[in-house]
Amino acid sequence: EMKGTSRTLMGRVRSFASSAVKSRATSQLLLTRGVTPLAMASVFGAHFSTTRVHAAAAKPAAKEAIITTPSGLQYVDHVVGTGEKPTPGAIVQVHYVGTLLATGAKFDSSRDRGVPLEFPVGTGRVIQGWDEGIMSMRVGGKRRLIVPPNLGYGARGAGAAIPPNASLIFEVELVECKPPAASIFESLADMIGMKR
């Protein structure tokens, strides 16, 4: 009877050890692909919020799934925003952290500077992956953009930080969306009281 108990106990120990080895191997695989276990946990449903600006209005995504668009852009919604949805030319403010998919190295972060990036979306002022990825968000939303080289910096790269043909990961938050800036003709019309 003692032998039987011993065999059962040894079996459980082997099972636990095997699970631990598999878990360690999975973590190492994620790290070699440039995705930390913490980041991958976010993909599978655990999101670690970094700001509270839109926490009351925004809501967690029902199920964090990787969406692939026809262009090849991939994204994962951590939080689905409930505010304005940008239209082409709208002035948006976006907080972001950019890393290389291959190594996980951070190359840029608005959060480190404490100031979101402001730009007219959908006008080619940023990389194509950003224009596409931000346009389908709403204010308060938080999303991971997985940008292939053809929607990023392509074969030219970007300085020493982003090598040629690099796939990029951006953790983005759409902070604000304002109407497009008025053209000079619209401004003049307003000044002289002309109706548009």
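Begin with the aromatic rings: this predicted model holds 4 aromatic pairs, a pair being rings of Phe, Tyr and Trp (its six-membered ring) whose centres lie within 6.5 Å, with planes under 30 degrees apart counted as stacked, over 60 as edge-to-face and the rest as tilted. Select Phe107 and Phe170, whose ring centres are 5.7 Å apart and whose planes stand at 90°, so the pair is edge-to-face. Phe107 belongs to strand S5 (residues 106-109) and Phe170 to strand S8 (residues 168-178), so the pair ties together parts that are 63 residues apart in sequence; helices (H or I, at least four residues) and strands (E, at least two) are DSSP runs, numbered from the N terminus. Phe107 and Phe170 are both buried, a word that stands for under 20% relative accessible area, with exposed over 50% and partly exposed in between (1.4 Å probe, protein chains only).

To show the whole cluster linked by ring pairs, select Tyr96, Phe107, Phe119, Trp130 and Phe170.

The structure holds 6 salt bridges, each a side-chain nitrogen of Lys or Arg within 4 Å of a carboxyl oxygen of Asp or Glu. One of them joins Glu173 to Arg111, with the closest N and O atoms 2.6 Å apart, and it links Glu173 in strand S8 with Arg111 in helix H3 (residues 110-113), 62 residues apart. Glu173 is buried, at a relative accessible area of 2%, whereas Arg111 is partly exposed, at 26%.

Then select Glu171 and Arg144, which form a salt bridge whose closest N and O atoms are 2.5 Å apart. Glu171 lies in strand S8 and Arg144 in strand S7 (residues 142-147), so the pair ties together parts that are 27 residues apart in sequence. Here Glu171 counts as partly exposed at 26% relative accessibility, and Arg144 as buried at 5%.

For reading the selections, residues are numbered from 1 along each chain as its sequence is written. Local features need pLDDT of at least 70 and side-chain atom pairs count only at pLDDT 80 or more, while totals for chains, interfaces and linings use all residues, and side-chain values use heavy atoms, with hydrogens and water left out.
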